[in-house]
Amino acid sequence: MKYAKILGTGSYLPEKRLSNNDLAEFVDTSDEWISTRTGIKFRHIAAEHEKTSDLAAAAARRALADAGVSADEIGLIVVATATPDMQFPATATIVQHKLGMAGCPAFDVQAVCAGFMYALATANAYIQSGMAEKVLVIGAETFSRILDWKDRTTCVLFGDGAGAVVLGASDEPGIIRSRLQADGAYLDLLKVPAQMAGGKICGNPYIEMDGPGVFKFAVKMLAKVAEDVLAEAGYTADQIDWIVPHQANKRIIDSTAKHLGIAAEKVIFTVQDHGNTSAASIPLALDEGIRRGQIKRGQTLLLEGIGGGFAWGAVLLKY
């Protein structure tokens, strides 16, 4: 059986960096209020001319370079995003064109903050089935464009960015096990209800969130899906070198790690610098952990995330 192994990673953050103190100048909030509740200190905001596909393409180029793979070697592109450039075509096809590619399948997946887990599992299935030898998987978001900047309960949490990985078929262990789940009964806890009708946006075009409800559900289900994927793979928590979690809230990350019995020293944190970048947060954190020299080849990683829907998942892999 072939494994889907990470050959290279890359990320991109917009130049504009907004601190909590910057936010406090136009939002009724403070650095202390945000920091103590979320762990967030900064977030990046896309420039007016930057689209989600621009962020995605920039991260993809870095991942391809890191992998030593040319764009024409890629047999599939999967982009996880909840903030596409347009209703259609898929942002993945726009990224494909920006990379100078044509011919291979390219499509988006939409599972919000769990999107990268869904994209990674899809890419793994393509490689294991022999449908692709090398796959480009990207998580990219411009969440700043669906934020109500007068709502301090949501606008302080999110940022923009992109992360990418190149997967390749390998005889060496790569992705060991993945598990994806969803339950639409909880859609009212986190949503953007707007939809297009008659050429107009009907409904609220901004994020609506029940913070306490999201926190309670996220901690419970992230710990459960992580336990399940470990059990299915025959692994125990003490065999994990690093957790690379969705960077939504430091308290959620801490609570999940504690529930699994994994020390905070084994958790990759970037939420303080990036905020919640939704589908981009896990590949961003993965790339940063590698660049810092924390994550090394041969180590065992547990990736996990949860997003609106609710949709959630975990992936166990050897880097």
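**Figure 1. Strand β13 is covered on both faces.** In this predicted model, Trp 242 and Val 244 are buried on one side of β13, and Ile 243 and Pro 245 are buried on the other. Buried means under 20% relative accessible area, exposed means over 50%, and partly exposed lies in between (1.4 Å probe, protein chains only). Helices (H or I, at least four residues) and strands (E, at least two) are DSSP runs, numbered from the N terminus. Strand β13 runs parallel to strand β14 (residues 300-307), and four bridges join them. Two strands pair if DSSP finds at least two bridges between them. Pro 245 has Glu 304 as its bridge partner in β14. Residues are numbered from 1 along each chain as its sequence is written, and side-chain values use heavy atoms, with hydrogens and water left out. Because the model is predicted, local features need pLDDT of at least 70 and side-chain atom pairs count only at pLDDT 80 or more, while totals for chains, interfaces and linings use all residues.

**Figure 2. His 246 sits in the loop between β13 (242-245) and α7.** His 246 has a relative accessibility of 6% and so counts as buried. Its side chain makes a polar contact with the side chain of Ser 281 at 2.6 Å. A polar contact is a pair of N or O atoms within 3.5 Å; within protein, one must be able to donate a hydrogen and the other to accept it, and residues adjacent in sequence count only if both atoms are side-chain atoms. Leaving out residues up to four places away in sequence, His 246 touches Cys 113, Ile 253, Asn 276, Ser 278, Ser 281, Ile 282, Glu 304, Gly 305 and Ile 306. Contact means heavy atoms within 4.5 Å.

**Figure 3. Five strands form an open sheet with mixed pairing.** The strand order is β1-β7-β6-β4-β5. At the edges are β1 (3-12) and β5 (106-109), each of which pairs on one side only. From one strand to the next, the twist averages 20 degrees. Strands β6 (residues 134-142) and β7 (residues 160-170) run antiparallel and are joined by nine bridges. Lys 134 has Gly 168 as its bridge partner in β7. Helix α3 (residues 52-67) lies across β1, β6 and β7, at about 125 degrees to β1. Helix α9 (residues 281-291) also lies across β1, β6 and β7, at about 90 degrees to β1. Axes are lines fitted to C-alpha atoms, for helices over the stretch in contact, and angles run from 0 to 180 degrees between N-to-C directions.

**Figure 4. Asp 171 and Lys 2 form a salt bridge.** The N to O distance is 3.0 Å. Asp 171 lies in the loop between β7 and β8 (175-182) and Lys 2 in the segment before β1, so the pair ties together parts that are 169 residues apart in sequence. Asp 171 is exposed at 62% relative accessible area, whereas Lys 2 is partly exposed at 37%. A salt bridge is a side-chain nitrogen of Lys or Arg within 4 Å of a carboxyl oxygen of Asp or Glu. By this rule the count comes to 13.

**Figure 5. Arg 179 and Asp 228 form a salt bridge.** Their closest N and O atoms are 3.6 Å apart. Arg 179 is in strand β8 and Asp 228 in helix α6 (residues 211-233), so the pair ties together parts that are 49 residues apart in sequence. Arg 179 counts as partly exposed at 26% relative accessibility, and Asp 228 counts as buried at 15%.

Figure 6. Lys 250 is partly exposed at 35% relative accessibility, and Asp 254 is partly exposed at 29%.

**Figure 7. Helix α5 (residues 115-129) has 15 residues.** From first C-alpha to last, α5 reaches 21 Å, close to the 21 Å expected at 1.5 Å a residue. The expected span is 1.5 Å times one less than the number of residues in the helix. Buried residues in α5 include Gly 115, Phe 116, Met 117, Leu 120 and Ile 127. Just after α5, Gly 130 takes a positive phi of about 85 degrees.
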